[in-house]
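I opened the model today to look at how its chains meet. My notes follow in the order I took them.

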There are 4 protein chains.
Amino acid sequence: MEYKNNGVENIQIAYIGGGSRGWAWGLMSDLAMTEDISGSVLLYDIDFEAAKHNEIIGNRTKETEGCKSKWDYRAVASIDEALTGADFVIISILPGTFDEMYSDVHTPEKYGIYQSVGDTTGPGGIVRALRTIPMYEEIALNIKKYCPKAWVINYTNPMAVCVNTLYKVFPEIKAFGCCHEVFGTQKFLSKVLKEELGIDGIAREEISTNVLGINHFTWITSAKYKNIDIFPIYKNFCETHAETGYENGGDDNWMNNSFLSADRVKMDLFLRYNYIAAAGDRHLAEFCKKNYYLENPSRVQEMKFGLTSVDYRKKDLAKRLERSARLVSGEEKFKFSATGEDGVKQIRALLGLSDMVTNVNLPNNGQIPNLPKGVVVETNAVFKADSVNPVLAGNIPDELFPQLSSLVGEQELVVRAGLEKNIQLAFDAFCSDPLVDIPYDDAYKLFYKMLENTRKYLSMYEF
Amino acid sequence: MEYKNNGVENIQIAYIGGGSRGWAWGLMSDLAMTEDISGSVLLYDIDFEAAKHNEIIGNRTKETEGCKSKWDYRAVASIDEALTGADFVIISILPGTFDEMYSDVHTPEKYGIYQSVGDTTGPGGIVRALRTIPMYEEIALNIKKYCPKAWVINYTNPMAVCVNTLYKVFPEIKAFGCCHEVFGTQKFLSKVLKEELGIDGIAREEISTNVLGINHFTWITSAKYKNIDIFPIYKNFCETHAETGYENGGDDNWMNNSFLSADRVKMDLFLRYNYIAAAGDRHLAEFCKKNYYLENPSRVQEMKFGLTSVDYRKKDLAKRLERSARLVSGEEKFKFSATGEDGVKQIRALLGLSDMVTNVNLPNNGQIPNLPKGVVVETNAVFKADSVNPVLAGNIPDELFPQLSSLVGEQELVVRAGLEKNIQLAFDAFCSDPLVDIPYDDAYKLFYKMLENTRKYLSMYEF
Amino acid sequence: MEYKNNGVENIQIAYIGGGSRGWAWGLMSDLAMTEDISGSVLLYDIDFEAAKHNEIIGNRTKETEGCKSKWDYRAVASIDEALTGADFVIISILPGTFDEMYSDVHTPEKYGIYQSVGDTTGPGGIVRALRTIPMYEEIALNIKKYCPKAWVINYTNPMAVCVNTLYKVFPEIKAFGCCHEVFGTQKFLSKVLKEELGIDGIAREEISTNVLGINHFTWITSAKYKNIDIFPIYKNFCETHAETGYENGGDDNWMNNSFLSADRVKMDLFLRYNYIAAAGDRHLAEFCKKNYYLENPSRVQEMKFGLTSVDYRKKDLAKRLERSARLVSGEEKFKFSATGEDGVKQIRALLGLSDMVTNVNLPNNGQIPNLPKGVVVETNAVFKADSVNPVLAGNIPDELFPQLSSLVGEQELVVRAGLEKNIQLAFDAFCSDPLVDIPYDDAYKLFYKMLENTRKYLSMYEF
Amino acid sequence: MEYKNNGVENIQIAYIGGGSRGWAWGLMSDLAMTEDISGSVLLYDIDFEAAKHNEIIGNRTKETEGCKSKWDYRAVASIDEALTGADFVIISILPGTFDEMYSDVHTPEKYGIYQSVGDTTGPGGIVRALRTIPMYEEIALNIKKYCPKAWVINYTNPMAVCVNTLYKVFPEIKAFGCCHEVFGTQKFLSKVLKEELGIDGIAREEISTNVLGINHFTWITSAKYKNIDIFPIYKNFCETHAETGYENGGDDNWMNNSFLSADRVKMDLFLRYNYIAAAGDRHLAEFCKKNYYLENPSRVQEMKFGLTSVDYRKKDLAKRLERSARLVSGEEKFKFSATGEDGVKQIRALLGLSDMVTNVNLPNNGQIPNLPKGVVVETNAVFKADSVNPVLAGNIPDELFPQLSSLVGEQELVVRAGLEKNIQLAFDAFCSDPLVDIPYDDAYKLFYKMLENTRKYLSMYEF
């Protein structure tokens, strides 16, 4: 890459995955609207066709109205071609197909275990991790070989497991994991401030927070807007709305869209623990003991959040693929819309174009002193020229420690299981998961059934 | 006290509690059979009558056959009288009465939560802790006032909570907590060695172990007999016996004595985690998720251990009280029998008469590096003249970390609840307990019902 | 204070000290040139006259050309008046007078110990600390009483000792210490980049650094300008210039101004350790063993830095006082010039008006994992609405650990000496100081002579 | 090996080194007088002749009066022969010859740096370390290859550097380092108790201590004899004797024997820091700043300890070699005398024959919480069947931290220098050493002169 005219040209980005289209298009949009950086994006996906389509769509951005910087997109057939010379690597893959995810999410239902997402924790998250870890081992080794100095941004779930694997396999890697769930909570808090204090138009970045925990079970231990302490205001809000949920009305609510909720879980957790749970309700619920929010479908209904079925996801994808076809054929015009994600801002910061502080997932090196070193945690971090340094977030509060410490331990065990190809360790993790409250024999049957269902992606394990 | 003739005379021991007789008589026996120390024991119990009876029985030891050292026993009416001038303080109280314990153990059964002991963890342990902590606050303050340099030996449950409270209230206290559950496991391992290798007569002290964890959920991570690594031998033993249990036959088995078991839990835990669970099955089961071993009474039956009912305890006590009456009247003669406990040996070591290494409960100051500082843990420690120093036990193994970290967090929360008189924190701990897998509303009702039942001892809390 | 029109009004700042004028005027300038904040500054100095003069000069800023925000200045006669209602407290005092400082700096010369500054470390720094700590104890107690929630910014030396004392006396204090020495090094590095690469006009903020160490012996372990790693460039520069020094020519060099240097020390330290020493040479030299750079005046001359005499300081002050008189009388007009300090930017950030990352002094809570907790260290930190969170700076590199660990230990000992009024501990620290390489008896005589000379400010100690 | 008749037979010990005879004969004596263990000792020395002589002498023990167990001795020509099948490895080598040691000890004298021992720290210790580390690298690799499960006991100096190297090269090694200096201090304390309290005949093991620090600069932070706190008694003793020294009279004093002292250093250190320095004065002095005790020969004379010259050592060795010849020829009869060392007791403990607690050198894994992990420290440890676990010794006291932290840092740097073959790091360590207070240029010349003098053993380094 080359620094010129207060910007950087010829940046090379390797995009691993992206076949599911959504994330890729968002990135294209954000890149095209960022004036001072340009270069090329090499698209690698195990579905080469998908990459090829993204190439066509990506290159269309150059003629799209509002384009401020021109990026070249090129689909490549091998990961080494994508990585060689890369300055940045973005990973956003689906580990396996929706068929495997179908098993992850729905097989446990036969034993009364319901999962609202099933990609991060719980039975589904654990089995997904087992097939993801070997993929990430390979990616890490390839990065070590082809672009050891590149910055690596992970978007794949299970987030903590992916980032953990990258660092365990290649400790010198410059990787971090990004997730927008905390942003969503900041937006929610700005709605709270509007509702409670009548202050309108607060941008999420203006909600200053201290973040700690693990991805999708992240907590805000301090939240300020200017000199206003948001905690007492949020407490009041929760006392009003926790019982009924906070709904915007209109079509776009949790009853029609299984990605949404009425934030009852989030508010209930605040009233229990006095700290702000900072992720969507569907994610938060899965980290709690089954009897909290996922006891059964009627409890979920009562708590006003959705169980995202894989059929729903398949339909969702089908729509995106149709749109992809239209974009490829030119029938539909690509339009820019800012994603609100931090990815491109982080790239600019790492290039030294402007500093930023945002929450990311990194191995614990003391940013959370009362969790073990090496587990992957989410906290704020400072992004500057070629560096990401976590901010000292402080101890996990006593109220949250029993759950959070157990969950980081569970994730560590899963990563070891994947790296050592040790199914017994994975089953230990499985049994310790808060959603798995079924008798031992049932747990055993369920676990092996889930492995069996996804055996295609688990050939490196013996079972 | 006075050092004379290679021994120590005029030692003063304050014995707080002991109304239940059993522990007190054991101590009397051990003291009388130890040649080189002598002195007086001041007995303080809220039931003065009980202390008075112990005084009479204790003083009888001087004329009992086999007495090697003469100790004077004296019941006192106030704790300050007991503590003033004390070199050692032994605490062994029942926090509340069996009526409160009845509620602790049996109220949860209405919600399908069965407890095999109910005095350490689980709903019963937590509520018991709430009434114990204020008592221990008072004891700690009295020790600070009347005998700040005395060594304090705790036998009361919940062990970790008691020791934690003593240190939080008076950080300079010289206290530790003793428990014989690890000893029992060492004895079990010596049976294993007999069974598997035909080696007979191994004393428990000859089983060299590294111990870590929390009281009653303690683990052995290394066990050697001479140059023999016991782990593979125990593995073989468990593979043979875990399914059926290991029973001695005869009357004295778990079906007749609810304090006993066939060690199925212990062996099952070994086969799951590859570390030796080192406590009685009844204790171990309570720290695991309900679905492991305490799902329901038939699961308990199948796992061949007992649910100790409080009625059983009451009968047990009644027998001891009858025996007490006979001993007081002289109808029955006191007979010495070594308890196998380490208490008197520890006293000798602290007096500088001989060093020893044994497992005790102490605040974590790094002996278990991956648990937070300050939580009370059980590891080996070196006892020498006026000092107890924990041995570095190493990290909690990954396999056990999810459970153990959560449990130490739960105990820390309970101690804070007790010291801050904050019922909400106690309820947070209650909800995070692995036995409490019932819906939130039920948990709430159960918790407050249990508080209500024991309100007499909870007047310092608001609820 | 009041948030209005995207800014904050009615902010109340307590300024403790400032009698020496320089710092106070700089702040006045920076405040007046910052559009979106306004309020009042209460000036408290033990020399009320000095505060009064600053009041007059400060209030003149409102009519000065270029004034963007109007601040009211008011001298107050007591510290409680200054602190009551304060949102921010700025502390910039001279502990004692230049007479005491004369003893600090020059008495050791009789024993062959030369100090280039004498206010932070070495014999002078230690004795200065002994009179500073009791003053800071009192300030901390007053802040606890009158404005416990105020943000406290310390500029006084010895910096680490002052900040340490504030936190030891009032652990909940929201205090940090600021120093511009790292900024100076960033400026120096931008000169290096110009010299070596021909890149002109790099602002110091564009030099992205990782900072760690203790105040005035701070180190940069990573320095980037955009994608350029500055280390190899700086190495080349040092290899060229370390022997002769880097001089700008002109009048403003180290031979005429004892505050300046030719950066030989800085470059020599880089060549020794491969990390960038980030403070002025006069400061750096004092933390090294005497035989490195302060062996004797001719060594100092050879290394091209100055020994700042207290006479020089007195003259410097006299000039400022003359200027003060002219400013008070109106003979001279106050003119604004940006100080380049971060103080006012930090205030804006703490008010939530814009985030920033800069280096500050804070107790170690893990930002430097291989130094003990609680010692005061300098690292980067994130400033946001009502919060300062240190960035994880990483371990002290092995090459620097022998010196830095010893120095933080020395400072800790001095703080304990001051708080416990224990002269023996201070003498232990004195003897361990790297400049004190004289025989024990001489060290003893020197130490007590220095105490004697400054007894007026040491009445709380017994000696 | 074989467990039989309450003992162990056929133990195989590899003895690496021993050419200097003294240590080897002591071990032979201790082994022969220990009833319940027997086996063979394979002697490997680079001087095969020396090993051969030891073989002859060792085998004579079997016919010596008082022999309780028969050990076979056999000299072997290669290290792999010695190690293959070894249960224990004892390492006691001289790294280089007395010619190299002559340079280590006496070259610095030309620059005014006097060393009383010169084998552990200071210029001599550092250069000795540089030639020792590659030897220990090779030994560690051989142990890994030939007997990875053997217990390794190191007696070679520089102790900490040797043990550190073994662990860095082969982290799974079961090694520890033994030194009798603390024992000597315990004996000294028993003399103190006799002198001050008239208590006679206290064995050193009865002085119960908490030990921490680094080898040869070890400290006792708590010392009890029964219920007697030795600290105030020792303080009184030091106040009486520190000025003049404590001498036994007779021939065997420091004036005639350069290995002895009048303990003035030890007592002076107590009066300075209130902790008991626990090594011989000659060792202690070398870890302090030069101006403390080693300023010049007259200061040493005044402090009443000896500078052991290498000529003295050569003469000492010559005498042992003469005796060796007499023992080999049979002219002189071997006689047993207990060494008072713990080596054989440790072997028995590791065999599971009886537990023991003693001080040893091990990597810090938290036994001293405020020192970095991984540096080699000396504390008490528990020896049991196949395990050595350090006892939690607590933090280095504030008073000692500046010196001790710097010294462990220096040693770490030396080990890295040796392993990375990086002379610059060694020179950094050299410059930071407290004895090196000479100007930089002189330090540079001295260092390279010392390297030059010993180049024969430093061929793996570039300089």
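I began with chains A and B of this predicted model. I looked up their contacts: 28 residues of chain A touch 28 residues of chain B. I took a contact to mean C-beta atoms within 7 Å.

Next I asked which elements of chain A give two or more residues to the side that touches chain B. I found α9 (264-273), α11 (290-293), α15 (401-420) and α16 (423-432). The largest share comes from α15(A), with 10 residues.

Then I sorted the chain A side by residue class. I noted 10 nonpolar residues, seven polar and 11 charged.

My last entry is on chains D and B. I superposed chain D on chain B by a rotation of 180°, with 0.0 Å of shift along the axis. The RMSD is again 0.0 Å. Which residue of chain D comes closest to the rotation axis? I noted V391(D), whose C-alpha lies at 2.1 Å. Of the interface residues of chain D, 100% are also interface residues in chain B, so these copies meet through the same surface.

Conventions
Residues numbered from 1 in each chain as written. Chains lettered and ligands numbered in written order. Predicted model: local features only at pLDDT ≥ 70, side-chain atom pairs only at ≥ 80, totals over all residues. Contact = placed C-beta atoms within 7 Å. Helix = DSSP H or I, 4+ residues; strand = E, 2+ residues; numbered from the N terminus. Nonpolar A, V, L, I, M, F, W, Y, C, P; charged D, E, K, R; others polar. Least-squares fit on C-alpha atoms with pLDDT ≥ 70 in both.
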